[in-house]
Amino acid sequence: MAELGPVIAFAVVVALALFQASAVILGVLDPQLMTGLVLAASFAQASLVYVFMMHARYTSKGVLLLTITALLLLIPLFLALLYSVELPIHVPRSR
Amino acid sequence: MVELLTTETIWYSLFWFYLMAAVTISALVFGFMTFVVLRYRTKSRNPAPSDPIDEDFRLGVSPKRGGVIPVLVIVGGLAVLFFGLTLSTFHANEVMEDVSHSGDPAPLKIRVEGYQWGWIFVYPNGKKLDGELIVPVGKAVQLEITSRDVYHAFKAPDFKIMKDAIPGRLNYAWFRAVEEGEYLVQCYELCGVGHARMIAKIKAVDPGTFQNWYTS
Amino acid sequence: MSHGGNEHVGGPNPLISWLFTTNHKNVGVLYLVTSLYFLVVAGVLALTFRLQLSEPNNVILGPDAYNRAMTLHGLFMLLWVTTPLGAALANYFVPIQIGAKDMAFPRLNALSYWLYLSSGIVALSSFFAPGGTADWGWYTYQPLASLRYSPQIGGSMMAFALLLLLASTTVGTVNFIVTIFRLRAPGMKILNLPLFSLGWLATNLILLWAFPAFMAPLILLVTDRLLGTVFYTSAEGGPLLWAHLFWFFGHPEVYILLIPGLMAVGDIIAVSGRRAVYAKPAVWVALLVASFQSWVVWAHHMFQSGIHTGLREAFNITTELISIPFAVIVIAFLLTLVGGRIRITTPMLFALGSLALFIIGGASGVFNSSVALNIGLHGTFWVVGHFHYTIVGGGITGLVAAIYYFWPKMTGRLFSETLGKIHFVVHMVGFNLLYFPMHMLFDMPRRVYTYVVEAWGPVNMVITIGAFTFAAAWALFFAILFHSLARGSKAPDDPWDAAPYSLEWNIPSPPPEFNFPHGIPSLSPTGKISWITTNGASPSEHSHPHLSPWPFIVSVGTSLIGVGLFMSPPMTVLGLAAFVAAIVGWAYDDLKDRFKVVIEAIGEKWPFERDNNFSLGMWTLVIGEVALVGPIFSGYVFARANSLLTGFRWPAPGEVHPIELGLLNTIILTTSGLTATLAYLASKKGERGRTVLSLTATLALGLAFLGIKAFEWWELHAHGITFGTDIASSFYYVLTGIHASHLLAGVLVLPYLILKAHKGGYDGGKAPGIEMFAIYWGFVDIVWLFIFPSFYLL
């Protein structure tokens, strides 16, 4: 049953979306924890779609390699942007 | 008399260090290149078919060509060189960036505002000059640089100081004039049609003259 | 240009066969001619401002004209000349060197070229738009390039032209990656490729992410200028957002310009010395390492912007380190010659010259990488000198060597060696006279239309004299090429005695339409080339003309849209009509299976053995798009972090965007992802009914999603929340807009897939179209799965 994987993945993705939304609407969690959980759920959903709906599991290792590379390339950009948030005043650092 | 620390002397000593390294290494490579080409050149203008071809000259990878040792020598050699260059760079950068290294306990603090197209200098007591910065000789001057409109870059080439003037942000630099005279200040980031004329001057005067002007 | 590729065309007249060609060699020739034309245009612009700068306080060119000429010179030389010049030779020779009959997607290849041409036409027309073209320098710093400080319409046109160019390059990159990975001849492992093809593969791995990464800030700029969003004018986004995103693309771009020339030089050196490349695996590793290092050096362009000291120190180190792999490559090239029998030919002279210039450029680059020295050098003519040594010296001079090297194969004509050697001397003298003195002007700001310091005058005069000498070298170059075409003696198949080294020297000059008259090439482990003969050349190859009018018509359409959008609305309508007609025509050709691609099923496919050309093409595209979406999301995080400091209150969850609607859309889109997957699985089993049903469900769900999205946009506008309300709304509209337009594109393709499935087009169990769609749709789902929390939940 080739359809089984995608169907289960679909169910999990929807469940995670419901979890995300209800966590935010109810607002019972600590905000930082909630942010973490919501983002973790999104990454989990994305991985499920990647593996089962884009059927990455049937492709060769090259595709995985390219995907990982693409994501790795973004990390320095992300960090550099975060390290550039120093508004409004950047005071020179003395060591 | 103790010589006062200036940003330009730090910069130039670092520059000569780099230049020495660059010239040495390029000379070695160029020397090797010239040697190889002259040594292995064939004179024949129109090579005959009999001109032998290296048996390894082929499509793909020749297993006989190249070991890992030259690669390691290059990587290792350059890594050591860069380690030295980087250490001296970081030291110089720290001094050039932080006015506390100037040895002056009470530097003169000036706010610099770039605009299309000119420079405004604001003194601690509120005195404001457009297009001219008057400073006393020997005193460390700290600049707080920003912009009123677009992206500019403040640079005084004689002192080898530069920082971008960006709207909404503050950047810092310091310098010290050791001789009386006029020095160029110019915008070094394209900022519109007036960019080339976005010029000001730093006028270094003796401390007495400065004090008279400043308190007047 | 007499061309072997046209011999089989027969029927249509030469003009039509050039306009409608899909043959990789013809496309290569078109690229070559066009990029050299743009080189002349951008070069003449440079001469005008060198004339202006020859003396202090000169008045030949005013600041307005200077800024435009300088901006166009930079943009054209980098994006419309050097990159496509590499692409020209790669189009012609990479398929031959890997042993393929054509590119994997010949029509897309033609489309790349025609989009490139139309982007160039739009960019050049912007020069004549009221108020002139972009005048903010090629790196388009903000907020100078915002509507407030640069309102001219030509600037927006230039931004549009850049988007077109990026689309062209992205299509080309996907095509090359699939071609090089999947169409190699038997025995042609990646490492067995000649250096030029190897280098072009590395270049394309950079291109795959660099150009979409440029598209990100560019889209934000275009929406800032056309829709009034506030990415670069608000305190939360601002100039540094642009600077980071731009240079994130901008520095990898430098290696895109350099590598094709440098690697061609490696081949020429090996051939001239008649020696195998020294330590080729090390060269390949160095190339890969450099390609990925190119992504972590960009902030050295921002050393003076006041970014964090630790960040600057980190980028200082990464920038220094990137010179190490290039040192490995250069030394390996020199060691290649040891023990050889070096023949000094014109290409070899240019190759050695290029290497020498690149060494100087590399050395001066180490100075710039120092955070401390950079203070004195940044923004000065030193930097101008440095990057011209690397790009013009290492990149373009290497490509000149490559043009000479490949010329006899392309045209079937030899050129005059004597003239070539004179050209070399003039080129080197002009080049060094032009760029070397720039290092002495390390106090003079770049990009000034004039200067007042008298002491800079004499050096500038020398530079200008050098510029005209260098221009003369180019005139001589073109004269030599024309002379060869008109009078050159007939070239043998292997003028450089390079047959054992690379496939192209084993076939006629110029090559026939499908490259290999002796059969399919194959390579033994010991490097021997042999030919696999099929039972007579398959006749189908020659009965199909392999012409397609649609790429050309798409390009006509986009040019008209581009120019019309800014200058004359009726033209836009006409362009749009042409564009739609071309797409429909293209799809109709496919439906009727009219265009046949000539691809051999045998050969090397590592590491993509389990994919097919179509699925790999789609994978490559969506993985490239990660670099479009990722930077925008990074910018979103940057702006949100900034808002904590600027005091802007980011809307709380549910305050602006109703969580319930977002959740509903998430479920709808995920369901459509499932139905798309089911359609693909059904098509694999050849179940026509279920395929059609699942595709139709996907279409309905996609439309439902878009409907809800449109309703949300409508409601927001009704409540006065528009593109430019604040940074939060800007990011919301643009990210959901990019997402929705992707979705819309998919929705427009669906009726075609449904029709084809309904007619039984996918009955055989092979449905590349549906497979591609499922991959694409999954990607669109994933993007939404991040948009949903970013705007609705957090």
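This briefing walks through some strands, a surface patch and several salt bridges in the structure above.

The model is predicted, so local features need pLDDT of at least 70 and side-chain atom pairs count only at pLDDT 80 or more, while totals for chains, interfaces and linings use all residues. Residues are numbered from 1 along each chain as its sequence is written, chains are lettered from A and ligands numbered from 1 in the order in which they are written, and side-chain values use heavy atoms, with hydrogens and water left out.

**Strands in chain B**

- Helices (H or I, at least four residues) and strands (E, at least two) are DSSP runs, numbered from the N terminus.
- Two strands pair if DSSP finds at least two bridges between them.
- Strand 1 (residues 108-115) of chain B runs parallel to its partner, strand 5 (residues 140-147) of chain B, with seven bridges; here B:Ile110 has B:Leu143 as its bridge partner.
- Strand 1 of chain B also pairs with strand 2 (residues 118-122) of chain B, this time in the antiparallel sense over five bridges.

- Patches are made of residues with over 30% relative accessible area and no salt bridge; like charges are joined within 9 Å and nonpolar side chains (Val, Leu, Ile, Met, Phe, Trp, Tyr) within 5 Å.
- Accessible areas come from the Shrake-Rupley method with a 1.4 Å probe, and for residues only the protein chains shown count as cover.
- One nonpolar surface patch covers about 720 Å², and its residues include A:Leu64, A:Phe78 and A:Tyr83.
- A:Leu64 sits in helix 3 (residues 61-83) of chain A and is partly exposed at 46% relative accessible area (buried means under 20%, exposed over 50%, partly exposed in between).

**Salt bridges**

- A salt bridge is a side-chain nitrogen of Lys or Arg within 4 Å of a carboxyl oxygen of Asp or Glu, and the whole structure has 20 of them over all chains.
- B:Lys203 and B:Glu132 form one, with their closest N and O atoms 3.8 Å apart.
- Because B:Lys203 lies in strand 10 (residues 199-205) and B:Glu132 in strand 4 (residues 132-136) of chain B, this pair ties together parts 71 residues apart in sequence.
- B:Lys203 is partly exposed at 29%, whereas B:Glu132 is buried at 19%.

Conventions: Buried < 20%, exposed > 50% of the residue type's maximum accessible area, 1.4 Å probe, protein only.
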